[in-house]
Structure formats: C-alpha cells, structure tokens
Amino acid sequence: MQYSEIITADSLNATDVLMVPHKTTLTGVNVQNGEEAVSFVMLYDAAAVGDVTVGTTIPDWVVTVPASSVATDTLPSDGVVFELGIVAASLTTVLGNTGASQHVRITVA
C-alpha cells in the first residue's frame, strides 16, 4: 500500500520554500489564490532552496491559478516524479520574480 502525505505552505510568495527534501512523486496540487490577478505556483525539482533562483531557474511544473480563486491542478494519473525534492515559489508572472501570496497544498507519495 502506498501512503500519501499532504504538505502545506501558507502565504507562499517569491521566496522559495523547500517542501520535500528528497525524491518524491507529486500526486496533487491545490492552491488558494489571494491575489486579484492570475498567479502562478512554480515547482522545482531541487533538494535545497539554494538550488533555485526564482525568476531565473526554469520550473519543472507550473500551476496557473485564476484571480481570487481556488485551483486544483490536473496531474498525470501516476503523478510527476521529482528526483531531488520539491522547492516551490509563487509569482505574478511565469518569467518574473514578483511574489503572489497563495496558500499551497501538495500531495506526495
């Protein structure tokens, strides 16, 4: 039997956060966008926050969240493998480094 773990990051923004420090499979993402504009959650395959430069490092998975809403991302049925771990950040644009306050919950197995 495979067990899942739920990990949360309240008020995620442009400061990257280490959510999982080891190899894992991302099986779910739920985001509550507190901004009045579309925002983006960036997920990086990295083992430490020092491995990511927000705005420069290309994310491995991006979740687009409509303004002032809750979004659940559709992932492949077998999830997405992150070989090193998961570092996350929340931004106002895909290629920028301006933070967007969002509450993020990921499920990993």
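This is a predicted model: local features need pLDDT of at least 70, side-chain atom pairs count only at pLDDT 80 or more; totals for chains, interfaces and linings use all residues.
**Exercise 1. Identify how strand 9 pairs with strand 1 and with strand 3.**

Solution. Begin with strand 1, residues 5-12: it pairs with strand 9 in the antiparallel sense, over six bridges. Within strand 9, Q102 is the bridge partner of L12. Next, take strand 3, residues 24-33, which also runs antiparallel to strand 9 and is joined to it by seven bridges. Here V108 of strand 9 stands opposite L26.

**Exercise 2. State the secondary-structure content of the protein and the share of its contacts that link residues 24 or more positions apart.**

Solution. The protein contains nine strands and zero helices, in the sequence order β-β-β-β-β-β-β-β-β. Among contacts with a separation of 6 or more, 80% are between residues 24 or more positions apart.

**Exercise 3. Compare the radius of gyration with that of a compact globule, then describe extent and surface.**

Solution. For 109 residues, a compact globule would have a radius near 13 Å; the protein has 13 Å, so the two agree. The C-alpha trace spans about 40 × 30 × 20 Å along the principal axes. Of the 109 residues, 40% are buried. The accessible surface is about 5,700 Å², with 52% belonging to carbon and sulfur atoms.

Notes: Residues are numbered from 1 along each chain as its sequence is written. Side-chain values use heavy atoms; hydrogens and water are left out. Helices (H or I, at least four residues) and strands (E, at least two) are DSSP runs, numbered from the N terminus. The radius of gyration is taken over C-alpha atoms; the globule rule is 2.2 Å times the number of residues to the power 0.38. Buried means under 20% relative accessible area, exposed over 50%, partly exposed in between (1.4 Å probe, protein chains only). Contact means heavy atoms within 4.5 Å. Accessible areas come from the Shrake-Rupley method with a 1.4 Å probe; for residues, only the protein chains shown count as cover. Two strands pair if DSSP finds at least two bridges between them.
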